[in-house]
Amino acid sequence: MDPFRPLPTPGVLSRRALASIVLIEIESGRSYALDGAGALMWELCDGSRTSEEIARVVASEYRADMRVVNADLDELLGRLREEGLIRAA
Amino acid sequence: MSATSRYLIDGLSIAVAGEPSPLRERLNARLRSVPRDSGRMSDVTFDVAITDAPRSALPRPEGEARPIYEHPGGTYSYFPASDELLLDYAGIAVAHARPLAGSIRIRATPRADAIEVASHLMFTLPLVEALKRRGRFVVHAAAVASRERCALIAGSTGAGKSTLALVCARGGLDLLSDDLVFVERKVNGVVVHPFRDEIGVGRETAVLLPELARYRGDPPFALGKHAIPLDEMTTSRAGWSPPPAVILFPLVTKGSISRLSPMTAGETLEALAGNVLPTERAASQAHLDALGVLATTCPSYRMDVGRDIDDQPRLVKDMLET
């Protein structure tokens, strides 16, 4: 089975404002904000990377423990999926 | 006989056409401080009329619809397949809009409340979408100025932006607009086009400011505010589009002194995101992008607004003049 490569769903608008990214889901009109590592994780969800690869980039950028980053990323991806903001490539 | 009035809004020609009627009159009154356009061609045309059956007069677009705005008593829908809007207030005021084509039709019954809704919500939402397709993006904000620099006072209805703007005008700043501005991206950032709409004065504001004492009675309609022409409250010149120097997000408090807290660009963009109506994808992304430029190029502050109305204009002026 191909590993999950997350990608924004077509109805998501996004814009970076320095350290943050704001998302708007166009079907519902709901908006969301991601900061710091969360914003980087979102930007790396472009359909070309597995979650493992995303975690590696974030851990390197923030010099953080991979286990912590993996846990944070799993939680974020779970929430983004629940909100309909990402899908599999 | 049908007649057309043309207005210049953000460099675009906006026409209001139709037979003379109480709806035409109310719209003309609302727009009396907006500069007139003497040209013959329009970018956007509003065709407005009174009818006994507004819903029958405007057919429903085909395809699926999704709600884009919440307001008591009405349904406000967007049709993605055809990029059309259908706005319906209890069947007594209805608007159909094709924003990209610049074609909007408004129909209302002769009832006073229908005319008020038709000349306000039914005009404003389609105008916002038509201007969005043309690179002018709405921000729910009042605008005041001092020494050629402009402050935006942003927030949704009830945040206290109109009151703060009027307090600033009373304290010597120029009042550019009361409720809406449109931002346009330029090479080096954004500029602000104030929308010279009439000013809405609620009872609380009228009680606070002695010069507005005559507006302390009940407003005529359920929309809750008295309407004052902008020209009665300011000598600011039409057609001026300054770059914004600061954004304030007021919050009325019971404190005696007003306080400012700086906001990050991310917090600012998150606070502004609600200005993007979730309609056509590319135009909505462009709107969000313009707000992103505004948030990253303009310092922003939360303003806890206290009871010190005599000091608030100085606070705002100091930010504009440093």
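I call a residue buried under 20% relative accessible area, exposed over 50% and partly exposed in between (1.4 Å probe, protein chains only).

**Ground rules.** The model is predicted, so I took local features only at pLDDT of at least 70 and side-chain atom pairs only at pLDDT 80 or more, while totals for chains, interfaces and linings use all residues. Residues are numbered from 1 along each chain as its sequence is written, chains are lettered from A and ligands numbered from 1 in the order in which they are written, and side-chain values use heavy atoms, with hydrogens and water left out.

**Entry: B:T279.** I looked up a threonine in the loop between α7 (265-272) and α8 (281-297) of chain B. Helices here are DSSP runs of H or I, at least four residues, and strands are runs of E, at least two, numbered from the N terminus. Is B:T279 buried or exposed? B:T279 counts as buried because its relative accessibility is 2%. I then listed its contacts (heavy atoms within 4.5 Å). Leaving out residues up to four places away in sequence, B:T279 touches A:I26 from chain A, and B:R66, B:I68, B:Y78, B:E129, B:K132, B:R133 and B:S284 from chain B. Its side chain makes a polar contact of 2.9 Å with that of B:K132. For a polar contact I required N or O atoms within 3.5 Å; within protein, one must be able to donate a hydrogen and the other to accept it, and residues adjacent in sequence count only if both atoms are side-chain atoms.

**Entry: the A–B interface.** I found 16 residues of chain A and 19 residues of chain B in the contact. The buried area is about 1,400 Å², with 67% from carbon and sulfur atoms. That is accessible area (1.4 Å probe) lost when two parts are put together, summed over both. A:I26 returns here: with A:L13 and A:R15 it supplies 39% of the area that chain A buries against chain B, more than any other three residues. I counted two salt bridges between the chains (Lys or Arg side-chain nitrogen within 4 Å of an Asp or Glu carboxyl oxygen). B:R66, already noted beside B:T279, pairs with A:E27 in a salt bridge at 3.5 Å, N to O.

**Entry: cores.** A nonpolar core joins buried Ala, Val, Leu, Ile, Met, Phe, Trp, Tyr and Cys residues through side-chain atoms within 4.5 Å. Which residues touch the most other members of the largest one? They are B:F46, B:I106 and B:M122, out of 42 residues. Helix α4 (residues 121-132) of chain B gives this core the most, eight residues. A second, separate core has 34 residues, including A:I26 and B:L272.
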